[in-house]
Amino acid sequence: MSEHEPELPALVEATIAMRHLIAVTQEVAARAARELGVNATDMNALALLQQYGPMGPAELAGRLGIRTASVTVLIDRLSAAGHVERSAHPADRRRVTVAATTSARQAVTAFLRPSIVAVDD
């Protein structure tokens with residue numbers, strides 16, 4: 001290290017634990033995606049739909065940080081796999097709402113249950 005570079009403080013235990021938690025969370029998400037037969041972005045979309053409930057494609061695209069054209073293809077994939085359903089927006093029939101199917105919610109919950117139980121024990 002040169003004499004002009006600032007020295008980084010030693011990582012404290014909480015920082016190391018947080019980094020470990022993030023890494024474990026990413027690995028669990030990757031395993032869940034493989035279990036459901038989807039890619040990481042599709043899994044993130046399912047997680048958002050499960051956490052926040054039904055939403056429009058534009059909102060889902062915004063939360064995922066992808067273009068609306070890309071989210072349309074994503075929704076098509078998830079719909080073909082039986083993980084999401086499109087329906088008319090309750091207040092504006094020109095709009096579409098996307099929701100995770102009951103089977104997708106059950107599959108994610110069944111996958112996560114052992115991890116949740118292990119943390120609670």
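**Local features of the predicted model**

In this predicted model, Ala81 counts as partly exposed, at a relative accessibility of 46%. Ala81 belongs to the loop that runs between α4 (68–80) and β1 (84–88). Although 45 residues separate Ala81 from Leu36 in sequence, the C-alpha atoms of the two lie 9.1 Å apart in space.

Thr101 has a relative accessibility of 8%. Because the limit for a buried residue is under 20%, Thr101 counts as buried. A polar atom of the Thr101 side chain is found 2.9 Å from the backbone oxygen of Gly82.

Helix α5 covers residues 102–120, 19 residues in total. From the first C-alpha of α5 to the last, the helix reaches 25 Å, which is close to the 27 Å expected at 1.5 Å a residue. The helix is bent: at Leu112 the bend of α5 is about 40 degrees. Between the C-alpha atoms of Ser115 and Val28 the separation is 9.0 Å, while along the chain the two residues are 87 residues apart.

Helix α1 comprises residues 13–36, and Met18 is placed within it. Met18 has a relative accessible area of 47% and is therefore partly exposed, since this class lies between the buried limit of 20% and the exposed limit of 50%. Together with Leu21 and Ile22, Met18 makes a nonpolar surface patch of about 290 Å².

Charged side chains were examined next. The count of salt bridges in the model comes to six. One of them joins the side chains of Glu27 and Arg34, with an N to O distance of 3.5 Å. The two partners fall into separate classes of accessibility: Glu27 is partly exposed, with a relative accessible area of 35%, whereas Arg34 is exposed, at 54%. Glu27 and Arg34 also take part, with Arg31, in a network of salt bridges.

Another salt bridge is formed by the side chains of Arg86 and Asp76, at 2.5 Å from N to O. This pair links distant parts of the chain, as Arg86 is in strand β1 and Asp76 is in helix α4, ten residues apart. Arg86 is partly exposed, with a relative accessible area of 40%. Asp76 is likewise partly exposed, its relative accessible area being 39%.

In a further salt bridge, Asp92 pairs with Arg94, and the closest N and O atoms are 3.0 Å apart. Asp92 counts as buried, with a relative accessibility of 18%. Arg94, in contrast, counts as exposed, with a relative accessibility of 76%. The assignments follow from the cut-offs, because buried means under 20% and exposed means over 50%.

Notes:
Residues numbered from 1 in each chain as written. Predicted model: local features only at pLDDT ≥ 70, side-chain atom pairs only at ≥ 80, totals over all residues. Heavy atoms only, no water. Patch = residues over 30% accessible without salt bridge, like charges linked within 9 Å, V, L, I, M, F, W, Y side chains within 5 Å. Areas by Shrake-Rupley, 256 points an atom, 1.4 Å probe, with all protein chains shown as cover. Salt bridge = Lys/Arg side-chain N within 4 Å of Asp/Glu carboxyl O. Helix = DSSP H or I, 4+ residues; strand = E, 2+ residues; numbered from the N terminus. Buried < 20%, exposed > 50% of the residue type's maximum accessible area, 1.4 Å probe, protein only. Expected span 1.5 Å × (residues − 1). Bend = angle between axes of the 7 residues up to and from the residue. Polar contact = N/O pair within 3.5 Å; in protein donor to acceptor, adjacent residues only side chain to side chain.
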